[in-house]
2 protein chains.
Amino acid sequence: MSQDASTDGDLRNTGLSLKHDREWDYELDRIVDAVEERNATKVGLQFPEGLKRRGPAVADDLRALTDDDVTYMLSGQPCYGACDLDTYLMRRTDVFVHFGHSPMKESDKIIYVPLFSNVDPFPMMEDALDELPEEDVGLVTTAQHMNRFEEMKEWLESEGYSVHTRKGDDRLTHEGQVLGCNYASADIDADQVLYVGGGKFHPLGLAMEHPDKKVVIADPVNNVVTVADTEKFMKQRYGAVHRAMDAEKWGVIFCTKIGQGRWEMAEEIVNENDDAYLITMDEVTPDRLRNFDMDAFVNTGCPRITTDDGPQFHKPMLTPGEYRIAVGDEPLDSLSFDTFHGTW
Amino acid sequence: MSQDASTDGDLRNTGLSLKHDREWDYELDRIVDAVEERNATKVGLQFPEGLKRRGPAVADDLRALTDDDVTYMLSGQPCYGACDLDTYLMRRTDVFVHFGHSPMKESDKIIYVPLFSNVDPFPMMEDALDELPEEDVGLVTTAQHMNRFEEMKEWLESEGYSVHTRKGDDRLTHEGQVLGCNYASADIDADQVLYVGGGKFHPLGLAMEHPDKKVVIADPVNNVVTVADTEKFMKQRYGAVHRAMDAEKWGVIFCTKIGQGRWEMAEEIVNENDDAYLITMDEVTPDRLRNFDMDAFVNTGCPRITTDDGPQFHKPMLTPGEYRIAVGDEPLDSLSFDTFHGTW
């Protein structure tokens, strides 16, 4: 394996990384088949944020391939993951296509188009070997690189590694797959894990969930190898917990999105704590919480809103586990990453 | 009538205006009766943005008045008007209370608590007389001052005016009431209209919808009398239309909120224009549209998002009528304010 000229150098912050994975397979044939089979007149298309700009061109291609009486509707709802399904649009269309995420749960109503990346992962994997001195190594990746997972595993084995992989739990579709909220596929018997994929979002969650493991990031999108460093994030979490310890009024957020509702957990907190108030919402944003006169929030919904967007909220925002520490139910050293298991 | 000391001077931008209407009647007895009657265990409470901070205290008062097994849930969804009903929370609670807006349509599932203001409107109405030289005058107000509408009318008559009022259409609950999207109650036979209420949101819509009438604002919340001036707004609207004339790709927004869906209007545009793409969403915000690669947007949902928040969007955002001008179907001088009629 050798690097070619187009993959020389760290592309973070250059804007060039986008060009790496410009071509996607939208699986138009599969969509057209479903439209014809169901005599569909309304078709919903949902793209993740980063691909929403491709929506009109995909709709144009589909228009050209189907009857004139088919109306294509693009979802304008925010979409960052498999649990951001636009259920309103799904219920009101004959065919509903969700692009870019693997199914959290299969449903006849939905066509999932995974959008695999065409970027070559091997040059960065080769660079990553220097950071992986032990024989046992875990291997994980995201939905968009899943199509080459077996190849990656075989390549590591050919380099002399004993590669540990597992499917994780019901929330995950594929062997070796991680989600922003679930790293059960890294519950393997190795002290080092190789994450192949773009960005730091997933490997940071992985490293926080598995603080005992070294997490090496082979990023073929930005052309860089790094080691996940959770120190800054952990400091931020401890800071939030400490600031929340003085809270007199707590807002307990119950997220109404499919796959994010932890009702018993939310109800238990408000039943036990007279100063806790249940707040229900779909998108959890700083704007929406600003008008509530609370001293701190507990988010029983997506843990990545809490940990990654935390500093943007006007008051400390904790995970349910962090809340237990702040109110004195658990010791400070029990602080751990909040993950989601199971499906809808 | 004479002004007392506490209402001397223009309170806009002082922060003092809030103190004017500090006391609200939350009609707790009516809510408690409904909870007991329906043996409710889950009660939803929805407040407009400006009153969300009162939510915890209202929940505390209700907790003290009802059984321990009742769980109170505060809606965290944005709420600016009667059409922002949190239908998710409504469907999942035994009693659902919507505060601060009059019903657009009655429903057994919902208790509407109007939250009338306790501010005295008469000092400002007296000041407004200088701006109302003619004998015929229209009178309108918002839901929160509706409880004194008859008094206001009688007072104007005692000052020698011939007062014109009407109920407007089905979207409006009360005689003389205006909504941000409906000013049918000002379709009266007078060239001058007195608007009694806080802020400029409603009177500006009123003046744009009725450009032939002089709209005088008696604002008892900010303690000031002004005359609505639409010039700045009209310039902004013409500017948006002109910028959109070059658009090659149009995003046509269909809003999924109750009371805002104009499906035929949206469908007609995408059927006629090959460069138009339908986008469905609930909250229409600049963030949500930024990721779509469009040159301009047409909003078939709330007209106030288009006119009041327009400059915050990264691309021109037009009402359906303005879209017809931009694409050449209608002349420039047909530009008028977009209003909503009918109910859900």
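This report walks through the domains, sheets and a few residues of a predicted model.

## Before we start

In this predicted model, local features need pLDDT of at least 70, side-chain atom pairs count only at pLDDT 80 or more, and totals for chains, interfaces and linings use all residues. Residues are numbered from 1 along each chain as its sequence is written, chains are lettered from A and ligands numbered from 1 in the order in which they are written, and side-chain values use heavy atoms, with hydrogens and water left out.

## Domains of chain A

Let's begin with the overall division of chain A. The assignment gives domain 1 (5-12 + 119-227), domain 2 (28-113) and domain 3 (231-334); such bounds come from an automatic or database domain assignment. Taken over C-alpha atoms, the centres of domain 2 and domain 3 of chain A are 34 Å apart. Four residues from domain 2 of chain A and four residues from domain 3 of chain A take part in their contact, where contact means heavy atoms within 4.5 Å.

## A five-stranded sheet in chain A

Strands (E, at least two residues) and helices (H or I, at least four) are DSSP runs, numbered from the N terminus. Two strands pair if DSSP finds at least two bridges between them. Chain A has an open sheet of five strands in the order S6-S5-S7-S8-S9, with mixed pairing. Its edges are strand S6 (162-164) and strand S9 (224-227) of chain A, each pairing on one side only. On average, neighbouring strands of this sheet are turned by 25 degrees against each other, direction ignored. Axes here are lines fitted to C-alpha atoms, for helices over the stretch in contact, and angles run from 0 to 180 degrees between N-to-C directions.

Helix H6 (residues 149-158) of chain A packs on this sheet, touching S5 (136-141), S6 and S7 of chain A. The direction of H6(A) makes about 160 degrees with that of S5(A). Within the sheet, S7 (residues 192-196) and S8 (residues 214-219) of chain A pair in the parallel sense over five bridges, with Gln192(A) opposite Lys214(A).

## Gln192 in chain B

Is Gln192(B) buried or exposed? Gln192(B) has a relative accessible area of 2%, so this residue counts as buried (under 20%; exposed is over 50%, partly exposed in between, with a 1.4 Å probe and protein chains only). Gln192(B) sits in strand S7 (residues 192-196) of chain B. A polar atom of its side chain lies 2.8 Å from the backbone oxygen of Glu134(B).

## A sheet built from both chains

Another open sheet has eight strands with parallel pairing, in the order S13(A)-S12(A)-S10(A)-S11(A)-S2(B)-S1(B)-S3(B)-S4(B). Strand S13 (317-318) of chain A and strand S4 (110-113) of chain B are the edge strands. In chain A, four bridges join the parallel strands S10 (residues 250-255) and S12 (residues 296-299), and Gly251(A) stands opposite Phe297(A).

Leu74(A) has Ile279(B) as its bridge partner. Six of the six residues of S11(B) are buried.

## Cysteines

Cys79(A) is buried, with a relative accessible area of 1%.

Key:
A polar contact is a pair of N or O atoms within 3.5 Å; within protein, one must be able to donate a hydrogen and the other to accept it, and residues adjacent in sequence count only if both atoms are side-chain atoms.
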